[in-house]
Amino acid sequence: LLYLIAYIDRSNISIAALQMNADLALSAEMYGIAAGIFYISYIIFEVPSNILLSRIGAKIWIARIMVTWGIIAAGMSLVQTPMQLYVMRFLLGVAEAGFTPGIIYYLSCWYPRSDRARAMSMFYIGAALASVIGLPLSGSILNMHGLFEMAGWRWLFLLEGIPAVLLGILTYFYLDD
């Protein structure tokens, strides 16, 4: 479930682009920078994030990752300029850095070698489900364009950021170190 939400948040910029590019006057190159800058910060901060996970513990650190990325993802609904979008996408990568390898490490600590492949398969199925569930959901949210005088792409970022915050809070209470 956590990876499903992560993958939806990571890829929703491609759906938002259908309206966002015109609203923010983004060229194809500018959109590419906005989409790609996430991965730059994610890669830079992935190792430090996992060092902190091993020192602080999975319960607190994975919950922190989710709450922070959810707030930033929802905050992307407030951007007004391409530079603000770049900054938010960079920060989203920083916030989410270490999530996937952290979960993999966490699963490897809890599952014996004989069951690890099954556990990893359940984790990675979130990416496939994100396409099956997330794309139609994102399209529906994009159709909220004009509701309360807010663009559909802004609704998309706002509504798809909230589940990460809520699941982050639940993670803190239900995940064991």
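**Charges, rings and loops**

Modeller: The charged end of Arg64 sits over the ring of Trp61, at 4.2 Å from the centre of that ring. Here a charge sits over a ring if NZ of Lys or CZ of Arg is within 6 Å of the ring centre and within 35 degrees of the ring normal. Please keep in mind that this is a predicted model, where local features need pLDDT of at least 70 and side-chain atom pairs count only at pLDDT 80 or more, while totals for chains, interfaces and linings use all residues. Residues are numbered from 1 along each chain as its sequence is written, and side-chain values use heavy atoms, with hydrogens and water left out.

Biologist: And Lys59, which ring does its charged end sit over?

Modeller: That would be the ring of Tyr172, whose centre is 5.0 Å from the charged end of Lys59.

Biologist: Staying with rings, how many aromatic pairs are there?

Modeller: The count comes to 11 aromatic pairs, where rings of Phe, Tyr and Trp (its six-membered ring) pair if their centres lie within 6.5 Å, and planes under 30 degrees apart count as stacked, over 60 as edge-to-face and the rest as tilted. One of these is formed by Phe38 and Tyr39, which is edge-to-face because the ring centres are 4.7 Å apart and the planes are at 85°. Ring pairs also link Tyr3, Tyr7, Phe123 and Tyr124 into a cluster.

Biologist: Phe38, is that buried or exposed?

Modeller: Phe38 is buried, since its relative accessible area is 0%, whereas Tyr39, at 40%, counts as partly exposed. The cut-offs for relative accessible area are under 20% for buried and over 50% for exposed, with partly exposed in between (1.4 Å probe, protein chains only).

Biologist: What does Glu96 touch, leaving out residues up to four places away in sequence?

Modeller: Glu96 touches Ala6, Arg10, Phe38, Tyr42, Ile65 and Trp69, so Phe38 comes up again here, and a contact means heavy atoms within 4.5 Å. Glu96 lies in helix H4, residues 82-96, and it counts as buried because its relative accessible area is 0%. Helices (H or I, at least four residues) and strands (E, at least two) are DSSP runs, numbered from the N terminus.

Biologist: Changing topic, where is Leu24 found?

Modeller: Leu24 is in the loop between helix H1 (2-23) and helix H2 (28-56), and at 6% relative accessibility it counts as buried. Leaving aside neighbours within four places in sequence, Leu24 is in contact with Val79, Gln80, Thr81, Pro82, Leu85 and Trp153.

Biologist: How many residues apart are Leu24 and Trp69 in sequence?

Modeller: They are 45 residues apart in sequence, and from C-alpha to C-alpha they are 22 Å apart in space.

Biologist: Then what about Ala25, what is its phi near?

Modeller: Phi of Ala25 is near 55°, which is a positive value in a residue other than glycine. Ala25 also lies in the loop between H1 and H2, and it counts as exposed, because its relative accessibility is 56%.

Biologist: And where is Glu149 found?

Modeller: Glu149 is in the loop between H6 and H7, and its phi is near 55°, again a positive value in a residue other than glycine. With a relative accessibility of 81%, Glu149 counts as exposed.
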